[in-house]
Amino acid sequence: GKTRALDPMLKKRDDFEDILEERRNSSDLKYALRCYTPVLYKGVTPCTSSMLKSMVLQSDQLHYVINQVSKETGKATDDIKEEASAILEEMAQCLQLSTVRFFAFTLSKAFKTLFRSICVNEDGIQRLQQAIQEHPVVLLPSHRSYMDFLLMSYILYTYDVALPVIAAGMDFMGMKFVGEMLRMSGAFFIRRSFGGDKLYWALFSEYVKTMLKNGFAPVEFFLEGTRSRTSKSLTPKLGLLNIVMDPFLKGEVFDVNVVPVSISYERVLEETLYARELLGIPKPKESTSGLFKARKILSEDYGSIHVYFGQPVSVRSLAQGKVNRCQFNLVPRHIPRRPSEDIASFVNDSAYRLVRAQEENMVLKPWVLVASLLLQYHHQNQAAGQKRGIALVTQVVSSSLTLHRGLVRICEDKVQLAVEQDITTYLSTVFYYIAVILLSCASYRNQALHVFVRPALLALAIHTASSNQKQEVFNSFSFLRNMFSNEFILCPGATVQDFEEACYLLVKTGALQFTQQEVLVTERGHRTLAFLSTMLDPFLQGYQVVCRFLCEEATETLTEKQFIPAVRKFIKKLLLAGRLRYMEVLSSDLQKNSLAALLRLGAVRKMKG
Amino acid sequence: MASNSSSDRQRIAQQRLRIIAGHLRAPVDSDSTILAAECKAQGSKTDVSSERKTVPRRRQEILKWNGWGYSDTRFLFNKKGQAEFTGKRYRLSGMIIPALQNWFEGTFGASVQHKSPAMPILTSSAVQPPTLNEAFVDELKSTGIPCSHDAEDRVFRGHGHCLHEVFALREGKVGRVPDIVVWPNCHNDVVKIVELACKHNVCLIPYGGGTSVSSALECPPEETRCIVSLDTSQMNRILWIDEKNLTAHVEAGIVGQELERLLNESGYCTGHEPDSMEFSSLGGWVATRASGMKKNIYGNIEDLVVHVKMVTPQGVIEKGCQCPRMSTGPDIHHFIMGSEGTLGVVTEVTMKIRPMPEYQKYGSVVFPNFEQGVACLREVAKQRCAPASIRLMDNEQFKFGHALKPQVSSIFTSFLDGLKKFYITKFKGFDPDRLCVATLLFEGDREKVLQHEKQVYDIAAKFGGLAAGEDNGQRGYMLTFVIAYLRDLGMDYYVIGESFETSVPWDRVLDICRNVKARIIQECKDKGVQFSPLSTCRVTQTYDAGACVYFYFAFNYRGLSDPVHVYEQVEHAAREEILANGGSLSHHHGVGKLRKEWMRETISDVGMGMLKSVKNYVDPKNIFGNRNLI
């Protein structure tokens, strides 16, 4: 069936097509064995995985770094070369169609039991096909689940699009068999941290660039670096983006097409896992047996997935007027250099723009709004001692309710969260159980936050500003925006733009009016503003609590490692004492973000040693 | 070489010329019907008479006023739609070129049915009446130096051969042109003219061969003074030849083909052969830092010049000796070379000369792709064994060259061609849409040439290159001389185009070629050009540290309201792309006014300051007011 997603601005969006529909009506085996002939990059130089490796090892870049390392460490260059070759062996993918076919078969089976539908915008696929022929392509999917990259390759296989090579974390390698399987389906593995290891960095970046430049395959990685446990987009990591933009900036390719992909899960497989992790219940190490234990997941219903392939973004046009490419004219391009200031800020800006593009194309289900309201009611009820719920209205909502029956209950035709109101009465065993439900629920609300965050910040700013002078409101907005810029995706340097967007939206909805100097809340605007600022309230409270903790409890000897457990203990105490409303403040994500913000703002200082 | 008796010398020279002429004449059994060396107007090498052939003062008598080259020579599509090259001057003249129409229509989406003819004659009402500085004119006339303010004479000297200049002429549009043209006959005439110009504050613009492609000859529209075009064409004598030192002292107005012809009469040559050598002048070469095709043997203009005399408003600048090298501070020649007429007029030059080569041989190598070709040229440069000329054409240009094959007379030839094609594409597996060709020109004594040839072919073989015969090589060089005529043909059918060049380090060659060509295609698309343009390049010179790259681009402008503007935007974008890819602003065309905007980033603020302070000292009243360069 076709569904159409509309964004709040009512821009025309592509139609979605359910790719599982055909899988349910025809043979999976035939599908897995069908003829696969993707179109390739026009300038492709045919090469095998092993040729790639030798190209990397023989590159000028690597020669240079090997000599440099040899000079610094006194090791023989041959030894370093061997070391390099071993690292590359550990890193490299070896994409094999047979493995992809195996996955195509097994995943078909699994997806059909797990999901109701997997909807893909076919126009996006067509744009991608076109982009792949023209220039090297980088795929940037959002990252909410382990599923993501298998799902991506599955979809591309389905549509006869060139299969990507995927940057994956080393932790997968721990799973012996699975690791190799993933390698054969195009994954290449990167160590999580290799700080000052020049050789590793050179190998890794050269490997990625070589694949990209030759048009070997689209390169796929996750801008957010890791799976978001909160359903909010994470602050983008710049390392890989720097690497894939480099060939364009240095003129080694005419252009690079970057394609943001938004994968929206109606219900993430890792739902409770994430909540537990955020609460400090340690994440199980990825292991093959662990994966099989996850089989019980297979018996559950995870609703549908929407995958939106965004408009390809040309790095050339992104860089137009922002980067002076002549800066590479005076030093041989194979000598590694720190990116200049203009390039660093260009890559950073681009990263934010691309994450925003991912956010904008996410598909939000009505349940996301229901979850937002339920959370708000829950906390208001808690204060008022009432039991209020949302009237059961449409079928759409009730369908999501069955999907999320672990989180909600229906009581006298009203929907409520499946938790008691008064947390102070919780036994400590139940405490975490409840917290898991609240955090899970919050993660659904978070999906909608990128839509609301700018007007919500404005609502909050109006609330906290000392007057309704426009300048005052802007200052307060600017402060809050700055404070929360580790928490939400707020493009650097776009304060004025964001402010204007927020004003525009609130004026348009009739919540605000502007005079020459002042910002006025209209009669009916109060409710809107209250809703919006309540949305951010848990974050505001959370940051305040962290500050309180740092003021009251932190000592000189507080280490980064101790911070989370200590602040968690502090928060739990407040919650149980009834002095704090929001259990989601227990989220380690929020705590880390607030610490990072305070560090950035210079309120806290990091001391070494 | 030096012979004591001049009759002896004459005899040796005559003999050598006969040998060379023998080589240059097409052998009877050869399949080749054209010879590149003879793409220059005939009568140069085979004509041993010492009768002087000068460019007349009224250039319009032999040259086109609104296009390239000789009036009697042009490409046209005849009634049958076949391309023909008219006239008798070139080897290709009078021939049918059967493949050109197909190539032309296929490449540009143009049609020989759709003509865009030029205005046939210049209407003198289109030319603004001259602003004459009466006092200056009076005094000038009293010196007896010829001058004219005839509209045709003035228009002829108000432009070079940039696309926008020629396009405007074809439409009969004329902007600001010089108010008066003077023809000095010698150095002293120039001294007088410059003195008068200073005295009466008129603007002087030196004019040599008029082949500029940098808007250097355009009169600055903001110039309110009387503009005097100083045409050096009548200063065209070789004043002396010094065989002991192998130098010749020459007046700067001489054009390349004339210089070579006259030197050849004495058994010498300069070996300086820029593509424009039929028309461009020695003084122009010095003023723009020209480069010749055979620079690998003879060097570029800066290597060839031993002594220069230039008349400036401050007086005459020259060195006091004719020494091969000096350590006397910055070389003052380098203020003169590349000054583009902003400091003064070059009047006399002492140039190195060489005995004429005994033997010349063309050659060509086909490579499976451009990458391999560049790798080969790099290796040749590394081993410092480049032949007199080595050029690598990309696939598009290779096809272009093929479209210029004249009608073959024998079935045998076309059979051989078919066989060659079969061998390369089918047997050797070269993709006809990827292969590219390097053209070679060897020069020297016969044995060494053959030895050299083997060395180069051996290197080529290491990069997958296959020797592809002399014919292909010759045709490659011919393209250089006829390309400008071809542009006029294109302009008759809604196709406009231009070439431009750069120099670039070796490691950037492939990247710059790819990116600039792609940029041109993208910009054309963005600017609404309906049919994908011709965007092609060749590597034309090799150096130790890099290469010179030449780009051609042309497109069908039907449906565009302002084709020249689109063209200029695309060219601008292409130059930006060149600079972003580590290429230079110019290898030998110069800066003029067309590329001025990029000078600062090219030579830094301090560099600009240095040039400006020289200008301020030499010419504080901006008498040489063409406003080129800085």
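Author: A salt bridge here is a side-chain nitrogen of Lys or Arg within 4 Å of a carboxyl oxygen of Asp or Glu. The model is a predicted one. By that cut-off, the side chains of Asp507(B) and Arg333(A) form a salt bridge, with 3.6 Å from N to O. Between chain B and chain A the count is four salt bridges. Residue pairs in polar contact between chain B and chain A number 12, where both residues are at pLDDT 80 or more.

H17(B) supplies the largest share, six residues. Sorted by class, the side of chain B that touches chain A holds seven charged, four polar and three nonpolar residues.

As for extent, 14 residues of chain B are in contact with 11 residues of chain A. The size of an interface is often given as the accessible area lost when the parts come together. For chain B and chain A that figure is about 1,100 Å², with 36% of it on carbon and sulfur atoms.

H17(B) itself has 18 residues and reaches 26 Å from its first C-alpha to its last, close to the 26 Å expected at 1.5 Å a residue. Buried residues in H17(B) include Val509(B), Ile512(B), Val516(B) and Ile520(B), and charged ones such as Asp511(B), Lys517(B), Arg519(B) and Glu523(B). After H17(B) comes Gly528(B), which has a positive phi, near 90°.

Most residues other than glycine have a negative phi. Arg289(B) is not a glycine, yet has a positive phi of about 60°. Arg289(B) sits in the loop between helix H8 (282-288) and helix H9 (295-298) of chain B, and at 32% relative accessibility is partly exposed. Asn622(B), also not a glycine, has a positive phi of about 50° and lies in the segment after helix H19 (599-618) of chain B.

One further glycine of chain B deserves a note. Gly256(B) is in helix H7 (residues 256-265) and is buried, with a relative accessible area of 0%. Beyond its neighbours within four places in sequence, Gly256(B) is in contact with Met277(B), Ser280(B) and Trp285(B). The C-alpha atoms of Gly256(B) and Ser281(B) are 5.9 Å apart, although 25 residues separate them along the chain.

Terms used:
Residues are numbered from 1 along each chain as its sequence is written. Chains are lettered from A and ligands numbered from 1 in the order in which they are written. This is a predicted model: local features need pLDDT of at least 70, side-chain atom pairs count only at pLDDT 80 or more; totals for chains, interfaces and linings use all residues. Side-chain values use heavy atoms; hydrogens and water are left out. Contact means heavy atoms within 4.5 Å. Buried area is the accessible area (1.4 Å probe) that two parts lose on being put together, summed over both. A polar contact is a pair of N or O atoms within 3.5 Å; within protein, one must be able to donate a hydrogen and the other to accept it, and residues adjacent in sequence count only if both atoms are side-chain atoms. Helices (H or I, at least four residues) and strands (E, at least two) are DSSP runs, numbered from the N terminus. The expected span of a helix is 1.5 Å times one less than its number of residues. Buried means under 20% relative accessible area, exposed over 50%, partly exposed in between (1.4 Å probe, protein chains only).
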